[in-house]
Amino acid sequence: MKRLCGKVALVTGGARGIGRAVCEAYAHEGARVAVADLLEAEAVQTADALGENGMAIAMDVTDLKSIHTGVKAVETHWGGIDILVNNAGTFNMAPIDLVTHEDYRRQFDVNVGGTIFAIQAVAPGMRERGGGAIINFASQAGRRGEANVTIYCSTKAAVISITQSLALEFARDNIRVNSVAPGVIDTPMWDVVDAQFAALECKPIGQKKREVGQAVPLGRMGVPSDVADPCVFLASDDARYITAQTLNVDGGNWMS
């Protein structure tokens, strides 16, 4: 029996990387999946690969109208939303004396605001359907501070707090809210991160990526499917008594 059979999922940032892996894993487990992304053409490609179980939604999680329009489109097309995955995110790093207000606003608008307002948009429909599951994307960077990554770490710590607060708020509605905290995962975003570290630490491109992979207790960087599979679990009835938790998916980098 497929674990998500009959469920409808909305995945923000679903066009590529971890988001795409989540979409693929959900579809494999029987869910119909709305691939929501600012990268509309790539969202269409991902949705097309899912066949009749996929649909693409152009969504900018910093734009409330875009969020609500996208959620309404999914609810109209498939009758409602049972699972929300808040995967859309952005990253930048800089020493504190070089942090700009524009960068601060961008990271908080995407990583924190995008999470809050996507939840706000789907919650009424989930209540009407008798419950649901929400999975937010935190990070190991939300578990601990990292030099030169003040803003990003702050946003991911906020996601963990949002998860706890809304899990308590929605418990009476049978809406479970959990998050995952990935470690270093080999995605296109990590190539951007590697390049930024290279510039800041005067290292060759690729060196930081090798170093962080070698430092993981399990001995390697993660791959998107390493994160997608726990997201299936958290969305399924196997996790029916789990809420307000943040699951570390980091190869042993953080112990809690």
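Biologist: Is Thr 46 buried or exposed, and how should I read such a label?

Modeller: In this predicted model, the label rests on relative accessible area, and a residue counts as buried when that value is under 20%. Thr 46 has a relative accessible area of 1%, so it is buried.

Biologist: Where in the secondary structure does Thr 46 sit, and which residues does Thr 46 contact?

Modeller: Thr 46 belongs to helix 2, which covers residues 40-49. Once the neighbours within four places in sequence are set aside, Thr 46 is in contact with Gly 14, Ala 15, Arg 20, Cys 23 and Val 35. With Arg 20 there is also a polar contact, made between the two side chains at 3.3 Å.

Biologist: How should I read a residue that lies in a loop, and is Gln 140 buried or exposed?

Modeller: The element and the accessibility are read separately, and here Gln 140 lies in the loop that runs between strand 5 (132-137) and helix 5 (150-170). Its relative accessibility is 7%, and because buried means under 20%, Gln 140 counts as buried.

Biologist: Which residues does Gln 140 touch, if those up to four places away in sequence are not counted?

Modeller: The partners of Gln 140 are Glu 146, Ala 181, Pro 182, Gly 183, Val 184, Asp 250 and Asn 253.

Biologist: What share of the contacts in the chain joins residues 24 or more positions apart?

Modeller: Among contacts with a separation of 6 or more, residues 24 or more positions apart account for 68%. As for burial across the chain, 52% of the 256 residues count as buried.

Biologist: How many helices and strands does the chain have, and how compact is the chain?

Modeller: The chain has eight helices and seven strands. Its radius of gyration is 17 Å, close to the 18 Å that the globule rule gives for 256 residues, so the chain is as compact as a globular protein of that length. Along the principal axes, the C-alpha atoms fill a box of roughly 50 × 40 × 35 Å.

Biologist: What remains to be read from the surface and the charges?

Modeller: The accessible surface comes to about 11900 Å², and carbon and sulfur atoms hold 52% of that area. The chain carries 23 positive and 29 negative charges, whose mean positions are 4 Å apart.

Key: Residues numbered from 1 in each chain as written. Predicted model: local features only at pLDDT ≥ 70, side-chain atom pairs only at ≥ 80, totals over all residues. Heavy atoms only, no water. Helix = DSSP H or I, 4+ residues; strand = E, 2+ residues; numbered from the N terminus. Rg over C-alpha atoms; globule rule 2.2 N^0.38 Å. Buried < 20%, exposed > 50% of the residue type's maximum accessible area, 1.4 Å probe, protein only. Contact = heavy atoms within 4.5 Å. Areas by Shrake-Rupley, 256 points an atom, 1.4 Å probe, with all protein chains shown as cover. Lys, Arg positive; Asp, Glu negative; His and termini not counted. Charge placed at Lys NZ, Arg CZ, Asp CG, Glu CD. Polar contact = N/O pair within 3.5 Å; in protein donor to acceptor, adjacent residues only side chain to side chain.
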